[in-house]
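Here is a short briefing on one model. It covers a helix pair and a pocket.

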Amino acid sequence: MDEKPEIQSDVCFVVGQERQEVFAHRCLLACRCNFFQRLLGPKLGPGMPSPVVLSTVPAEAFLAVLEFLYTNSVRLHRHSVLEVLTAAVEYGLEELRELCLGFVLKVLDVELVCEALQVAVTFGLGPLQERCIAFIEAHSQEALRTRGFLELSAPALLPLLRSDKLCVDEAELVLAARSWARVGAAVLERPVAEVAAPVVRELRLALLAPAELSALEEQNQREPLIPVEQIVEAWKCHALRRGDAARGAPCRRRRGTLPREHHCFLDLPFK
């Protein structure tokens, strides 16, 4: 592996958005990794073949992959480990994937956890997803303020909003969900309510006091986020104060739910 051409090198990669040239050895890569075996195929003709363009993997992550293939070890860094993990999964390098997972768990913090959760959900890494959710449950307010939270996909956000163990009040969670939907709407060029639709049902509006619910309803008229029928269901819970309307997940307190007067008739408190 070399970043400058040498006589022994017989394959050149053009990597990442920065289009960095990386030189390597076709035989070694093909022997060590089925992905490269399929990608490179047999050498065609004399001399250096045309460069192989890999625009989606950052150069630093690709160099880490090559370091592992050449030495069976790798130097990982907090700022790039998730990109290396993504490459390891996509290239089918299970041992490198496990090294990355172990490193992520060691350095997991508020700034990294939502990005790690997104990678875990995208690639079906169940144990990492569980660890990330547990970390966010314990550091909810801080995690909800990160850029990584705003960039979560709907499938990654859903398990968080379904959790009883979030250490955050529902009013703050509604604000965080609105901020998340606004970012998604700007990126996708879609209405806020449309972006929020897959996740907004998990907000527990019945936990809000009547004054808070009224304020939310007024804001929802200005900027639709929550289906009207969901707000009506919350008002129904307030009106009946007992029975089926005050049971189930929409009325169940979370770990961080602040007490309100009407919570006395919510008969499924957090345990």
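Helix H11 (residues 170-188) and helix H13 (residues 210-222) have axes that come within 12 Å and cross at roughly 10 degrees. Angles under 35 degrees count as roughly parallel, so H11 is roughly parallel to H13. The model is a predicted one. Its largest pocket has a volume of about 450 Å³.

**Helix pair H11 and H13**

- The crossing of H11 and H13 is right-handed.
- On the H11 side, the contact is made by Ala 171, Val 174, Arg 178 and Arg 182.
- On the H13 side, Glu 212, Leu 216, Gln 219 and Asn 220 make the contact.
- By class, the residues of this H11 and H13 contact are three nonpolar, two polar and three charged.

**Largest pocket: lining**

- In the largest pocket, 23 residues form the lining.
- Leu 82, Glu 83, Thr 86, Glu 115 and Val 119 are the lining residues that lie nearest the centre of the pocket.
- Two elements give two or more residues to this lining: helix H4 (81-91) and helix H6 (110-123).
- Which helix gives the most to the lining of the largest pocket? H6 does, with eight residues.

- The lining of the largest pocket divides into ten nonpolar, seven polar and six charged residues.

Notes:
Residues numbered from 1 in each chain as written. Predicted model: local features only at pLDDT ≥ 70, side-chain atom pairs only at ≥ 80, totals over all residues. Heavy atoms only, no water. Axes fitted to C-alpha atoms, helices over the stretch in contact; angles between N-to-C directions. Helix = DSSP H or I, 4+ residues; strand = E, 2+ residues; numbered from the N terminus. Parallel < 35°, antiparallel > 145°, perpendicular 65-115°, else oblique. Left-handed = near helix turned anticlockwise from the far one by under 90°. Contact = heavy atoms within 4.5 Å. Nonpolar A, V, L, I, M, F, W, Y, C, P; charged D, E, K, R; others polar. 1 Å grid on protein atoms, 1.4 Å probe; cavity = no way out; pocket = protein on both sides within 12 Å on 5 of 7 lines; lining within 4 Å. Points joined across faces, edges and corners; volume = space filled by probe spheres on them.
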